[in-house]
Amino acid sequence: MPFISDNLNRIKPSATMVITAKAAQLKREGKDVIGLSAGEPDFDTPDHVKEAAIEAIKKGYTKYTNVEGIPELRQAIVDKFKKDNNLDYIINDVIVGTGGKQILYNALISSININDEVIIPAPYWVSYPDMTLLAGGTPVIVSCSDDTGFKLTAEALKKVITNKSKWLILNSPSNPTGACYSKDELNAIAEVVRQHKNLYVMTDDIYEYIVYDNFKFHTFAQVAPDLKDRTLTVNGVSKSHCMTGWRIGYAVGPSILIKAMIKIQGQSTSNASSISQYAALAGIGGSNDFLKPCLQAFDERRIYVFNRLNNIPGISCILPEGAFYAYPNVSGLIGKKTSKGITLSNDTEIVEWLLETGEVAAVPGVAFGLEPFFRVSYATSLKLLKDAMDRIERSVSSLA
């Protein structure tokens, strides 16, 4: 009898974590590796958030809280959705968890039955399919090429819906592409969802505030309020408030699902860190003015990376509309030979070759469900990005 669960045979390790760990190991060995694989802002947590955490410790707010989060934070989340998205919720519609990843996992575990289908547009965040598999569901992957801006169309959605379809997952702004769904694009998708009463929508809005060129963000339930009771909206403070390590995510949605998610969380992690919750309260309830210089820096890096990548023969890149990732197409490098006479046949080999020859760590497109691409994060300094682009260019120029 095997000791390890058969369920683990259905999933694979997070590719982004694997690459990040490999790059860190090479650095420990003395290699001058530039990591463009991690998905976290390089800016520090705002002072008012850190001060709120310190104050919480001083006041003794270091005990267990309600599984679903402290009432003050849940009310601040209700207020945020009213202010930013014109959506009305009550605190019983809110759950706070240990990061957005746990929120997504709880939602799938508490709603999926064996063979239920989850529609996932690709490129996707690496964990969506594996979470679905762990929950006993079947990921239905819909390829969305750079020809469609990496976005799911209503026509493509219609073709994959079956009587087993339970969820559609939408991520906007997108990890890994930076693509953002417009209000009109969401409306078109909503028209399809309305025709299928058993289909629910899970929106991952973790990059909501990181958009460029005056793009107006809309969340799905905001565009289709009549579908609010069939929508789970997931968000968090990791990216918007530079709080990745604080591990606070949250969601609003139908009370029956929120109650189920609380039940799952109560038998797994219980509450998120009390101190982190008070820090998140200061972030969500406070001003976002601190984000302005961060966005200016991200935008400068975005334009720079976009221009540099498009000037490298064999690589083409769509301008990201949000988040802090670029997802260049490397089909022009497939079939090229390295100085060692090795033919590059896929994006995994290209990324491994870039790490070996250029000491630049990226993530291959296969991890996100669409090849041949790779993802680079520009959540690092412009100085490092310039060095990284120089290295990529030098490596590519060595190909025959």
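This note sets out, in numbered points, the fold, sheets, cores, cysteines and salt bridges of the predicted model shown above.

1. Overall dimensions. The protein chain comprises 13 helices and 12 strands. Its radius of gyration is 21 Å, close to the 21 Å that the globule rule gives for 400 residues, so the chain is as compact as a globular protein of that length. Taken along the principal axes, the C-alpha atoms fill a box of roughly 60 × 55 × 55 Å.

2. Burial and contact range. Of the 400 residues in the protein chain, 54% count as buried. Among contacts with a separation of 6 or more, 73% are between residues 24 or more positions apart.

3. The main nonpolar core. The largest nonpolar core contains 41 residues, and those with the most contacts inside it are Leu108, Trp167, Met202, Leu232 and Met261. Both helices and strands contribute: helices H1 (15–28), H4 (99–111), H5 (127–134) and H9 (255–266) each supply at least two residues of this core, as does each of the strands E3 (117–122), E5 (165–171) and E7 (231–236).

4. Met202 within that core. Which residues does Met202 contact, leaving aside its neighbours within four places in sequence? The set consists of Leu104, Ala107, Leu108, Trp167, Leu168, Ile169, Leu170, Leu232 and Val234. Two of these partners, Trp167 and Leu232, are themselves listed with Met202 among the residues with the most contacts inside the core. A second, separate core has 35 residues, including Tyr207, Ile315, Leu354 and Ala379.

5. Strand E2 and its partner. Strand E2 (residues 94–97) points Val94 and Val96 one way and Ile95 and Gly97 the other way, yet all of them are buried. This strand pairs with strand E8 (residues 249–252) in the antiparallel sense, over 4 bridges. Within that pairing, Val96 has Tyr250 of E8 as its bridge partner.

6. Val363 has Arg375 of E12 as its bridge partner.

7. Cysteines. How many disulfides does a search of the whole structure find? The search returns 0. For Cys144, the closest cysteine sulfur is that of Cys180, 14 Å away, which is too far for a bond. For Cys180, the closest cysteine sulfur is in Cys317, also at 14 Å and likewise too far for a bond. Cys144 is buried, at 3% relative accessibility, and Cys180 is buried at 0%.

8. Salt bridges: a pair within one helix. The count of salt bridges comes to 22. One of them joins the side chains of Asp47 and Lys50, with an N to O distance of 3.6 Å. The two residues are 3 residues apart in helix H2 (residues 47–58), and therefore separated by about one helical turn. Lys50 is partly exposed, its relative accessible area being 27%.

9. The side chains of Lys80 and Glu208 meet in a salt bridge of 3.0 Å, N to O. Because Lys80 lies in helix H3 (residues 71–85) and Glu208 in the loop between strand E6 (200–204) and helix H8 (220–223), the pair ties together parts that are 128 residues apart in sequence. Are Lys80 and Glu208 buried or exposed? Both are buried. These two residues also belong to a network of salt bridges that links Lys80, Lys83, Asp84 and Glu208.

10. Salt bridges: a loop-to-helix pair. Lys340 forms a salt bridge with Glu356, their closest N and O atoms being 2.8 Å apart. Lys340 is in the loop between E9 and helix H12 (347–357), while Glu356 is in helix H12, so this pair ties together parts that are 16 residues apart in sequence. Lys340 counts as exposed, at 62% relative accessibility, whereas Lys80 and Glu208 are both buried.

Note on methods:
Residues are numbered from 1 along each chain as its sequence is written. This is a predicted model: local features need pLDDT of at least 70, side-chain atom pairs count only at pLDDT 80 or more; totals for chains, interfaces and linings use all residues. Side-chain values use heavy atoms; hydrogens and water are left out. Two strands pair if DSSP finds at least two bridges between them. A disulfide is a pair of cysteine sulfur atoms within 2.5 Å. Buried means under 20% relative accessible area, exposed over 50%, partly exposed in between (1.4 Å probe, protein chains only). A nonpolar core is a set of buried Ala, Val, Leu, Ile, Met, Phe, Trp, Tyr and Cys residues joined through side-chain atoms within 4.5 Å. Contact means heavy atoms within 4.5 Å. A salt bridge is a side-chain nitrogen of Lys or Arg within 4 Å of a carboxyl oxygen of Asp or Glu. The radius of gyration is taken over C-alpha atoms; the globule rule is 2.2 Å times the number of residues to the power 0.38.
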